[in-house]
Amino acid sequence: MKISKRIRNIRVSKKLTQSDVASKLDISSSAYGQIERNADKATITTIQKVANALDVTINSILNEDWK
């Protein structure tokens, strides 16, 4: 599964909107949407920030075994 899809699945499972996560990251909803759609091209620093905002480890995003 792609990183982008994993991020979205984690966000949805936590009942968060893109706007909720964007607010935690202090960025616009559209900027977060771009991160979520293109996470496979994001830097590790960006993925770590998203993981923090979603309150998961970076391994949860990078590892396909996330539950």
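Q: Which residues bring α2 and α3 into contact, and which classes do they belong to?
A: In this predicted model, Q18, S19, V21, A22 and L25 of α2 meet S29, Y32, G33 and E36 of α3, where contact means heavy atoms within 4.5 Å. By class, this contact has four nonpolar, four polar and one charged residues. Ala, Val, Leu, Ile, Met, Phe, Trp, Tyr, Cys and Pro count as nonpolar, Asp, Glu, Lys and Arg as charged, and the others, Gly among them, as polar. The model is predicted, so local features need pLDDT of at least 70 and side-chain atom pairs count only at pLDDT 80 or more, while totals for chains, interfaces and linings use all residues. Residues are numbered from 1 along each chain as its sequence is written, and side-chain values use heavy atoms, with hydrogens and water left out.

Q: Why are α2 and α3 called roughly perpendicular?
A: Helix α2 (residues 18-25) and helix α3 (residues 29-37) pack at an angle of about 100°, and their axes are 8 Å apart. Axes are lines fitted to C-alpha atoms, for helices over the stretch in contact, and angles run from 0 to 180 degrees between N-to-C directions. Angles under 35 degrees count as roughly parallel, over 145 as roughly antiparallel, 65 to 115 as roughly perpendicular and the rest as oblique. The two helices α2 and α3 are therefore roughly perpendicular to each other.

Q: What makes α1 roughly parallel to α4?
A: The axes of helix α1 (residues 3-13) and helix α4 (residues 44-54) come within 10 Å and cross at roughly 15°. This angle makes α1 roughly parallel to α4.

Q: Which residues of α1 and α4 meet?
A: In α1 these are I3, I7, I10 and R11, and in α4 they are I47, V50 and L54. By class, the contact of α1 with α4 has six nonpolar, no polar and one charged residues.

Q: Why is K15 called exposed?
A: K15 has a relative accessible area of 72% and is exposed. Buried means under 20% relative accessible area, exposed over 50%, and partly exposed in between (1.4 Å probe, protein chains only). K15 lies in the loop between α1 and α2.

Q: Why is D55 classed as it is by accessibility?
A: D55 has 64% relative accessibility and counts as exposed. The place of D55 is in the loop between α4 and α5, and D55 has a positive phi of about 60° although it is not a glycine.

Q: Why does N63 count as partly exposed?
A: The relative accessibility of N63 is 36%, so N63 counts as partly exposed. N63 is in the segment after α5 (58-62). The C-alpha atoms of N63 and I3, 60 residues apart along the chain, are separated by 8.6 Å.

Definitions and conventions:
Helix = DSSP H or I, 4+ residues; strand = E, 2+ residues; numbered from the N terminus.
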